[in-house]
Amino acid sequence: MEQLNRRVRDDLAKIEFASGNWCIPHQHNGQDVLDVAIIGGGQGGLATCFGLRRRGVANTCIFDMAPQGEEGPWVTFARMITLRTPKHVTGPDFGIPSLTPQSWFEAKYGEQAWRDLDKISRRDWQDYLLWLRDVLDLPVKNEHRLADIAWEDGLLRLTFTGAGGAEHVVWARRVVLATGIEGGGAWHVPDFIREGLPKSRYAHTCEQIDFEALRGKRIGVLGAGASAFDNAATVLEHGAASVDLCLRRKQIPTVNPYRWMENAGFLSYLADLPDLLRWRFMYKIYDLNQPPPQDTFWRCRKHPNFAYHPGTPWTAVREENGAVVVTTPKGEMEFDFLIIGTGFIIDLTKRAELGRIASRVALWKDRFEAPADEQSALLGSHPYLSNAFQFQPLEANDPLAPMMQCIYNFTFSAMPSMGLAGATISGMRFGVEKLTNCIGRSLFVEDGALHLQSLLDYNVDELTSFDPPPEQA
């Protein structure tokens with residue numbers, strides 16, 4: 001591994017031309033101002049920070065609410081065994097071979113292990129990301145939860161809460177929200193479950209679950225996505241008496257549109273299409289959904305006490321005689337505990353840090369009228385972003401419009417506007433390249449007059465001698 005670390009440093013030294021920090025320092029009331037604050041220390045945040053550095057924007061910092069080593073989902077609530085992405089994927093490496101997942105894996109386990117590997121385990125992926133953070137010396141502040149973004153004197157005033165609730169203010173010129181799947185809203189539990197049962201009787205798949213406490217219990221799982229199957233498999237492996245997975249769809253999805261999307265054309269240029277075409281791409285993708293991976297499905301099916309029930313939505317729940325009774329169109333079912341795999345909702349008003357602007361941001365439903373047979377309330381709820389990932393104001397004359405232009409949305413909610421850019425590992429490389437280019441451009445243009453003055457003040461002689469040295473005379 002130390003040999004790989006040296007290779008990384010050598011590779012970066014060979015391509016460091018023009019990557020030195022060119023941004024002009026700014027201060028506010030004697031306090032240094034970050035050029036870019038990155039919210040989220042997972043894969044998107046790390047890749048963004050490195051990408052900005054490659055473009056000469058080094059006055060940055062990453063802030064993450066989790067303790068070090070627990071950023072992102074991989075060792076917290078993700079319960080798959082391996083990634084769903086092909087092992088050859090690249091992303092935060094920016095095309096530098098020594099930084100690729102393959103180079104890291106081979107350094108740790110050997111070349112033959114890589115050849116034998118099917119997919120990268122989620123724990124190895126987390127270790128790879130932590131290695132990237134260390135070998136690139138990326139600045140990360142853990143246990144910093146963003147509580148508020150305000151606009152003051154043409155700058156973003158970021159208020160963080162840390163351990164013990166202490167508040168800390170940071171000033172920044174730009175902010176990147178790399179806050180993951182739920183970064184555009186919140187994890188979703190249907191109201192009839194949340195209002196009909198005490199919290200002790202159910203958990204969402206995003207939560208910490210004491211699976212050992214569910215040994216010998218009858219478990220009901222709601223959802224058709226991979227996380228529902230992942231959690232069903234995990235609770236089966238911990239000795240549940242039975243697991244019944246129920247889904248609204250009449251059939252489990254089998255076609256994965258993400259595999260089609262993994263081409264450079266779509267990943268790079270979807271954002272440049274007209275609205276109607278973007279809408280139609282996303283309408284089809286959201287309609288198909290992702291199926292559970294084949295290995296995840298068999299991970300469940302190998303247990304004789306597992307059953308899945310298509311066309312069986314839950315319509316009501318209640319406690320009765322110590323059990324949880326679930327009402328479905330096919331009759332009632334009894335369980336001891338429920339696991340809810342109903343994903344998340346896109347709703348900026350659910351994000352406390354966006355409280356000042358959430359209701360003033362333009363959504364797709366505000367900017368685009370879908371054809372009558374292609375209506376989608378879900379797609380319409382997503383923010384309608386600029387071609388540079390920025391929020392846009394609902395009203396053109398909104399006094400906070402300049403603030404919105406300084407906030408870059410690199411979360412799943414960017415998907416209808418920007419494609420897979422902020423949503424998946426496979427889209428990360430293409431999204432970060434575009435994102436960092438747009439941020440660098442905006443910073444340079446904003447300070448254009450200052451850069452011109454720097455040139456006017458430049459007075460470093462390169463020609464220092466008018467007489468040849470003796471050996472050349």
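**A surface patch and a covered strand**

Reply: Leu452, Leu455, Leu456, Tyr458 and Val460 together make a nonpolar surface patch of about 580 Å² (residues with over 30% relative accessible area and no salt bridge, nonpolar side chains joined within 5 Å; areas by Shrake-Rupley with a 1.4 Å probe; a salt bridge puts a Lys or Arg side-chain nitrogen within 4 Å of an Asp or Glu carboxyl oxygen). The model is predicted, so local features need pLDDT of at least 70 and side-chain atom pairs 80 or more, while totals for chains, interfaces and linings use all residues. Residues are numbered from 1 along each chain as its sequence is written, and side-chain values use heavy atoms, without hydrogens and water.

Leu452 sits in helix H17, residues 448–457 (a DSSP run of at least four residues; strands need at least two). Leu452 counts as partly exposed because its relative accessibility is 48% (buried is under 20%, exposed over 50%).

Now turn to strand S16, residues 337–340, which is covered on both faces. Phe337 and Ile339 are buried on one side, and Leu338 and Ile340 are buried on the other. Strand S9 (residues 202–204) runs parallel to S16, joined by three bridges (pairing takes at least two), and Ala203 has Ile339 as its bridge partner. Strand S10 (residues 218–222) is also parallel to S16, with four bridges; here Leu222 partners Ile340.

Ile339 also leads us to Asn231, which touches Ile339 along with Arg79, Thr205, Ile209 and Phe211, leaving aside residues up to four places away in sequence (heavy atoms within 4.5 Å). Asn231 belongs to helix H7, residues 226–237, and counts as buried because its relative accessibility is 2%. The side chain of Asn231 reaches the backbone oxygen of Ser227 at 2.8 Å (a polar contact has N or O atoms within 3.5 Å, one able to donate a hydrogen and the other to accept it; residues adjacent in sequence count only through side-chain atoms).

Key: Patch = residues over 30% accessible without salt bridge, like charges linked within 9 Å, V, L, I, M, F, W, Y side chains within 5 Å. Buried < 20%, exposed > 50% of the residue type's maximum accessible area, 1.4 Å probe, protein only.
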